[in-house]
Amino acid sequence: MRSSPLCRPSTTVWQGSDVTVTFRLTIHRTEPAPSEVGPVAVDLAMPSDVDKVGTVVELMAGQCFSGQVPCARTAFRLKVTLAEALSNAILRGNGADPDKQVFVHAELTSDAIHLSVQDQGPGLDPARWDAGPVLPDELESEGGRGLFIIKHLADQVGFSDQGNTIWMTLPRS
């Protein structure tokens, strides 16, 4: 396996402030050696800040589709599921605590993207995630819509026993 860190600094200017905040996202990509066959792994750690979700989604999408041109539907599915999972991890899992991080891991095979998003929160009972909003009056509730969307866009969804990691599988093309 060959591994290479890819550092991509990004500058964000917060609205209503004269302060420019720079944050660093480090993507670590591990590819099989030329004589090996196997998945490519991509790892990213991000600050627990919802303002960074769009940047992280675009960086990860670029890594997941590297060397391929996905159809519009596949790109949409990846970006929406990842954005929802990151937002949930930041707001629900980490409680928007700026001292905590969210970790993204992707394993890329020729035909699939296996994603995991892990927060540093206490976790939630995965059985609670099975419900989701199903009745019209529940669609306005504070929670559950993101996971409902993820379950309908990803091919497979799973959760860790602790409840602080979500796994999603999507097609790569």
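A: Let us begin with burial, where a residue is called buried if its relative accessible area is under 20%, exposed if that area is over 50%, and partly exposed in between. The model here is a predicted one, and buried residues make up 39% of the 173 residues in the protein.

Q: What is the order of the elements from the N terminus on?

A: The protein has four helices and seven strands, and from the N terminus on they run β-β-β-α-α-β-β-α-α-β-β. Of the contacts with a separation of 6 or more, 58% are accounted for by residues 24 or more positions apart.

Q: How is the packing of two helices described?

A: Two packed helices are described by the angle between their axes together with the distance between those axes. In this structure, helix H1 (residues 53-64) packs with helix H2 (residues 72-93) at an angle of about 135 degrees, the axes being 10 Å apart. H1 and H2 are therefore oblique to each other, and H1 passes H2 in a right-handed crossing.

Q: Which residues of H1 and H2 make the contact?

A: On the H1 side the contact is made by Val53, Val56, Val57, Glu58, Met60, Ala61 and Cys64, and on the H2 side by Leu78, Lys79, Leu82, Ala83, Leu86, Ser87 and Ile90. Sorted by class, this contact of H1 with H2 has 11 nonpolar residues, one polar residue and two charged residues.

Q: How many salt bridges does a search of the whole structure find?

A: The general idea is to look for a side-chain nitrogen of Lys or Arg within 4 Å of a carboxyl oxygen of Asp or Glu, and a search of the whole structure finds four such salt bridges. One of them joins lysine 79 and glutamate 58, whose closest N and O atoms are 3.4 Å apart. Because lysine 79 lies in helix H2 and glutamate 58 in helix H1, this pair ties together parts that are 21 residues apart in sequence. Lysine 79 counts as partly exposed at 30% relative accessibility, and glutamate 58 is partly exposed with a relative accessible area of 46%.

Q: Is arginine 77, which meets aspartate 155 in a salt bridge, buried or exposed?

A: Arginine 77 is buried, with a relative accessible area of 8%. The side chains of aspartate 155 and arginine 77 meet at 2.5 Å, N to O. Aspartate 155 lies in the loop between helix H4 (145-153) and strand S6 (156-159), whereas arginine 77 lies in helix H2, so the pair ties together parts that are 78 residues apart in sequence.

How values were computed
Residues numbered from 1 in each chain as written. Predicted model: local features only at pLDDT ≥ 70, side-chain atom pairs only at ≥ 80, totals over all residues. Heavy atoms only, no water. Axes fitted to C-alpha atoms, helices over the stretch in contact; angles between N-to-C directions. Helix = DSSP H or I, 4+ residues; strand = E, 2+ residues; numbered from the N terminus. Parallel < 35°, antiparallel > 145°, perpendicular 65-115°, else oblique. Left-handed = near helix turned anticlockwise from the far one by under 90°. Contact = heavy atoms within 4.5 Å. Nonpolar A, V, L, I, M, F, W, Y, C, P; charged D, E, K, R; others polar. Buried < 20%, exposed > 50% of the residue type's maximum accessible area, 1.4 Å probe, protein only.
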